[in-house]
Each structure stands twice: as C-alpha cells, then as structure tokens.
Amino acid sequence: MRPVDFVVLISALVFFVAYGVWKGRKQKDLEGYLLAGRSQRWYTVALAIMATQASAITFLSTPGQAYTDGMRFVQFYLGLPIAMIVLSITAVPIFHRLKVYTAYEYLEGRFDLKTRSLAAFLFLIQRGLACGLTIYAPAIIISTLMRWDLGITILVIGIAVVTYTASGGTKAVNHTNFQQMVVIMVGMFAAFVVLIMSLPRDVSMLDATRVAGHMGKLNAIDFSFDWQNRYNFWSGLIGGFFLQLAYFGTDQSQVQRYLSGSSVGQSRLALLFNGMIKIPMQFFILFIGAMVFAFYQFTAPPLFFNTAEVRTIQASPYASEYERLEQEHRLAAEVKSRAALDYVEASRGDDPALVAAAGARLDAADERVHELREQATGLFTRNNPEAATTDTNYVFLTFVLGYLPVGLVGLVMAAIFAAAMSSTASELNALASTTIVDIYKRMFHHDATGLHMVLISKVATVLWGAFAIGFAMYANRLGSLIEAVNILGSLFYGTILGIFLLAFYVKRVGASAAFLGALVGEAAVIWTFRTSDISFLWYNVVGCLVTVGAALVIQESGRLRTRDA
Amino acid sequence: MQNPNEPVERIVIEEERPPVGGTWRRLYTIVLLTLVADVVIFWIFTKVFS
C-alpha cells in the first residue's frame, strides 16, 4: 500500500467512528440506546441488515470461493427471500406490537422464563464466540498479506468498533452500517471495473466469461439432489430457508436492526428489500471471483496465495524444492495463458471441433498447474503437518494489492475494514442488549430505568468488545477449534427456530412441552452431526422439525395422561 | 409488554399499508417473482457458459 492508500483507509476509519459517535449522541433512555428510539426509516434498516450479514470474510472469501469452487455458493441464499416474506408476515408485527427489546423477551410472555433464558443463553454463547472470529478472520488475512502485526490489526478494528457502538448504541450502528455498506459496494464495483480493464487487450469480458465457464466456474445452479452436496438448489432453497428464518427471526443481531424501524411497515419493507437485493449482490461478488479466476488464466498467479505459508516453506529445508516448483509453475502458467488465448480465439468462431480441441489443450495446461500446486501443498504438509493447504481467502486481496491502482487499494481496504466493523458492531450491540434486557434487568434490577440503563448498556458493550478482541487475539492458538465455533451456529439455530415457530403458530403447546421439545431437538441435531455426513444446512431443518414434532407429542401425551387420570 | 398470546397479525396487517408498492400482497409477489427470475437467469447463465 502506498501513502495515498493509507490516507484513504485512515480517513474512512476516522469518518466511520466520528460519524457513529455523532449520530448516536444524546441517548437518554434504553429504547433510544438499544432500539434507536424505534425511529429508523426502511432504507437505513435495510442497509444495516445487509451490512450486518455481510462480514469482511464475505468479501474476502466469496470471490476466492468462486475462484476455486465456482459460483454454486449463490444457491446458499435461495431460501432467503421466502424467509423474509414469512418474517414480514409473522415476527415483525408480533415483535413490534409487543414492543419487545429482544426476541427472547417475547418467549417469556408466550412460554416462561426458562425458555427465554435458554434461547438467550444459546445466543450469547454462539454469538459471543462468533464475534471474536468476525474480527479475527479478516485480520489474519490482512495482516498476512500486508505484513502488518496481527495484534495491532485486531486492536484497530476492535477499538474503532467498540468506540462508536458503546457511545451511540443502535442508532450509531445502523447509520454507520448504512455508510459502510455504501463504501463496500463502491469498493467492490471499482475492483470489478479495474479487473475487467486488466484483462489482456484483445480479451473482452464475454471472452473471460467463456473461459471461466469452460473451466467449470460458472455453475450457479445445480438442480441435482444430494444430501452431502453443500450447495445445490434444494439445500439452498429448503435448508437455506430454515437457516435464514432462524438467523433473521431469532438472532438478536438481526432482530435488533428491524426492531429499530419506526413502524411495522418500515421494518417489513427493509426485510423485503433485503430479500430482493441479497441474491443478485452475492451473484455479483461471486462473479468477481470468477473473473479473477479468468484473469489468472491469462496472467501467471502465484503458486500459492497464502504468503505466510510461502514464507514458512522458504525458510525451511524444502526451500530449494519449492523454488523449483515455482519456476515450473511459471512455465506452466505461460503455457496455460497461450492455451487460454487460443480458446478465446476458437470460441469466437463457428467451428465446434476447433473449440473442443482448444478446450482440451486448456484443460491439459490447467491439469499441469494443478499438479504443481498439489506438489507445493504436499511440501507444506511435509514441513508442517498443521500447515494450511487452502488459500481461498487470500485470492481476492492478492489481486487487489497487485493490480489495483493507487487510491483504489485504499478504498477496497476501507471496504473490507467497513465490512468487519459493520458485522462486529451489530453483534456487540445485540450481545449487550441481550445481556442487559434478558439477564441484568430481568433477573437483578427490574426497576432500573433511564440513564442508569444506558450507562450499564455501554459498559456491557465495552466488556463484550474486550471479550471479542481477547478471543480474536487468542484465536491463532485455537487451531481446529475455530472450525467448531464456525459450525456452532448451525448446531443451535434449528432448535431456537423451532421454539419460535411453536410460539408463533402452535398456541396449544405450553412452556414445558416447548422446553422439552427443544432439548430433544438439540439432541437430534448433535446426533445427526456426530453420526452422519449430511451438509450442515440440513441441521437447521432437523433441529426445527424435531423440536416442533417432539413438543407436539409431549404436549399431546401430557393431555392424554391428564384425561386418563 | 402486552400479552403475546393475543392474535396480532391480522390487526396490524389491516392497519398499515406499505410505504411504497401499494399493498403487502403485491410486494410479497414481487419478491417471489424476483427469486424465480434469479433462478431462471442463473440457470440460463449456467447452461450457456458451462
């Protein structure tokens, strides 16, 4: 990064913090601090919702995912629009009418305190750990590629977020989320334009798309059904529907965004807007990844994108062997580049045989490059069995740092920081709300009001921020536990959703049946997780359906026993 | 907090019209049609380029 890029990045960070603090000033009561006084317009809520869901890792990983695995990840979001409609009809009017501060508050009125506490507790564990990873995941990538200190990167993101989130509460979070989402989209669009302009002079975007398609990267829709296949039309539509319903309907970091809407209509419109925009947005980000892939068919990519692993191997006894692989890789990439240009030329003509022959040559050249990459990762593993052998997360940022002009690098870095900050801010805001409303006020200080509650909420935000920063600092030493934290959400979401569906729709189910049903549902998810290899999206379906089914059976069997007696 | 066991959806839906788009039913239909259009476009995209 050049000085101009640093100026752009630092200016953006200072602006976000200052704007958040300024927007969120003068909060005098809990409703103002935690729900922005229920005064937000739909477009502010909509962009806050989108910025909350789109973490920095979304913008770093998603293009990399298209680079390695193609665009099929877009199917993950197919259930989202339907979930937005269901929530608009059910959750939004119920939460608004009851004037709750958290989703879990509703459960006590509908069921009892233990069900509310169970849901709040599961949220605090899951989101508290995930919040640390929201900071850590982009920080490790940025610090590796920029050679910045990991601890300082985490501290910069963490302290900036805590400052405006604690200071201004939900209003500050929503308004900065709005600005951050704008910066993110401008940054991504600028990167896309430069990417297309960086293609060889006689290669158009259509040509690049043809090359990416030939190499299997444009597989956006797959109608085949397979339980083990993580991303296909059915898992995305059905499993994704349950996941998105759980995330937007029961996760306080999202519920709090639409509870801040000034009316049912404003909140609903925000969700529906998200339902319309989210899939095209993800498609666009994945398409950037596919175009980065196409770009690297004409321009030699690094043998391995994760420079931390490359530095490690270069300092090991395998250094000379790796250097030899790099030289061979450069030659193989040149061959592939020529094959890609031949394919472009052939695909412009009308001769299918010529296209097929050029495609076969490109495939053969690609095969050779893959072999060399596999040999390189084999070296990493021989040197260190724990070494990272995937570099998906590093692909997009490597392109940005290598090929974007001065100023735009700073803008894209600002976009990545903005994405990290927006998700973290919403999470801290929600963690503090749940701690204060569902634990502190409910269990210890029923009568606490006004400035006292605002002050305590600020303290809770700072403490959760300190926990998240501490967890992020420590995460480097957690190894495979990080993956466990990542799937933690999918292990609990289905059960929590089941509790809420019972609350919304099945009036005859009482508190004890719902609570016991949730325990059975959770046991079913854990059993599925341990004994089968079905894709994680289906855990949400299992947890939800078993919770609802078990609660119904328990409720009915209880009634039968009462009648028999 | 009010009693959550009271039926609420019907009252609120009838009370409030959307800020834009006419009726909620129309907006829900638009969202669903957008989803269908996305799937169809992506399917064509996959077929054409893969």
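How do the residues of the lining of the second largest pocket divide into nonpolar, polar and charged? In this predicted model, where local features need pLDDT of at least 70, side-chain atom pairs count only at pLDDT 80 or more and totals for chains, interfaces and linings use all residues, the lining divides into 10 nonpolar, six polar and six charged residues. Here Ala, Val, Leu, Ile, Met, Phe, Trp, Tyr, Cys and Pro count as nonpolar, Asp, Glu, Lys and Arg as charged, and the others, Gly among them, as polar. Residues are numbered from 1 along each chain as its sequence is written, and chains are lettered from A in the order in which they are written.

The second largest pocket has a volume of about 350 Å³. Of its 22 lining residues, Tyr67(A), Thr68(A), Val369(A), His370(A) and Arg373(A) are the closest to its centre. At least two lining residues each come from helix H4 (56-69), H13, helix H15 (319-348) and helix H16 (352-383) of chain A, and H16(A) gives the most, with six residues. Helices (H or I, at least four residues) are DSSP runs, numbered from the N terminus. On a 1 Å grid over the protein atoms alone, a pocket is an open set of points with protein on both sides within 12 Å along at least five of seven lines, whereas a cavity is a set of points where a 1.4 Å probe fits but cannot get out; lining residues have an atom within 4 Å of a point. Grid points are joined across faces, edges and corners, and a volume is the space filled by probe spheres set on the points.

A search of the whole structure finds one cavity of 30 Å³ or more. The volume of the largest cavity is about 60 Å³. Its lining has eight nonpolar, three polar and no charged residues, and H20(A) supplies the largest share, five residues. Among the lining residues are Val86(A), Leu245(A), Phe500(A) and Tyr505(A).

Helix H4 of chain A also packs against helix H18 (residues 408-444) of chain A, the axes coming within 6 Å and crossing at roughly 125°. Axes are lines fitted to C-alpha atoms, for helices over the stretch in contact, and angles run from 0 to 180 degrees between N-to-C directions. H4(A) and H18(A) are therefore oblique to each other; angles under 35 degrees count as roughly parallel, over 145 as roughly antiparallel, 65 to 115 as roughly perpendicular and the rest as oblique. Ala56(A), Phe59(A) and Leu60(A) of H4(A) meet Ile416(A), Ala419(A) and Ala420(A) of H18(A) in this contact (heavy atoms within 4.5 Å). The contact has six nonpolar, no polar and no charged residues.

Between the chains, 44 residues of chain A are in contact with 31 residues of chain B. The two chains bury about 3,400 Å² between them, 75% of it on carbon and sulfur atoms; buried area is the accessible area (1.4 Å probe) that two parts lose on being put together, summed over both. Arg97(A), Leu98(A) and Arg268(A) supply 19% of the area that chain A buries against chain B, more than any other three residues. Helix H13 (residues 264-298) of chain A and helix H2 (residues 24-49) of chain B pack at an angle of about 5°, with their axes 11 Å apart, and are therefore roughly parallel to each other. Arg268(A) also takes part in this helix contact, as do Phe283(A), Trp24(B) and Asp38(B).

Terms used: Heavy atoms only, no water.
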